[in-house]
Structures are given as structure tokens and as C-alpha cells.
Amino acid sequence: MFLLTSTKKLLLKTPLKKLDEVKAKLLDGSINVFDTANFTVGGKKIDSYKADVDTDANFEKDTEVVENGIFYESKHRSAPYFDIEIDGITLLDRNYG
């Protein structure tokens, strides 16, 4: 996070040490971005999910992408396939009125 001072200087608010700690944990696998223990879908934790990974014309969900409690985004192809609607997140492309 950054904080803009009255003199228009940018000051680093979060210590670089903490950012380095988080980066190291992401790299060594001790924390994961899509750890399924940290979110719910429809009020439930997910332990299995198939994504449309094959580039065929069928557009069918064909590949299991949750392993050991982690949703592995882009493991099976370089394009993203995370299309889960996580509870508590407001989608900007929806009309809730």
C-alpha cells in the first residue's frame, strides 16, 4: 500500500520485509492464492472442480483443477479458467437490482 503525503511524495506504508515474506511463501508453496479452505461457493467449500481446458469446439468442463485443496489456475493451460463465483464478492457485470 502506498500513502500520498501533502508534499506529493510517495511513501511505502507496508514494510518490504513483509512483502518479501509473502513472496517467499508463495514461491515455496506454503501459501496459495486459490486455497479452497479460504472461500466458499454457494455456502460450501469446494474440493473438486472441472474446468474447460481442452481447446476443442465442445466447450465442456473436462479437466479436474482442484488438487489437495488448491484450485490450480492456469496449471493445465496458459489462459485462465477460474470462473467460480465466490461467496461475498460482488460481480461488476451483474445487475442485482
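Val33 sits in the loop that runs between helix 1 (16-28) and strand 3 (50-51); helices (H or I, at least four residues) and strands (E, at least two) are DSSP runs, numbered from the N terminus. This is a predicted model, where local features need pLDDT of at least 70, side-chain atom pairs count only at pLDDT 80 or more, and totals for chains, interfaces and linings use all residues. Residues are numbered from 1 along each chain as its sequence is written, and side-chain values use heavy atoms, with hydrogens and water left out.

With a relative accessible area of 65%, Val33 is exposed (buried is under 20%, exposed over 50%, partly exposed in between, with a 1.4 Å probe and protein chains only).

Let's move on to Phe82, in the segment after strand 6 (70-71). Its relative accessible area of 23% makes Phe82 partly exposed. Beyond its neighbours within four places in sequence, Phe82 is in contact with Phe34, Phe39, Phe71 and Glu73, contact being heavy atoms within 4.5 Å. Phe82 and Ala51 are 31 residues apart in sequence, yet their C-alpha atoms are 7.8 Å apart in space.

Two backbone angles also deserve a look. Asn68, in the loop between strand 5 (66-67) and strand 6, is not a glycine but has a positive phi of about 50°. Asn68 is exposed, at 78% relative accessible area. Ser74 belongs to the segment after strand 6, and its phi is positive too, near 65°, again in a residue other than glycine. Ser74 counts as partly exposed, with 28% relative accessibility.
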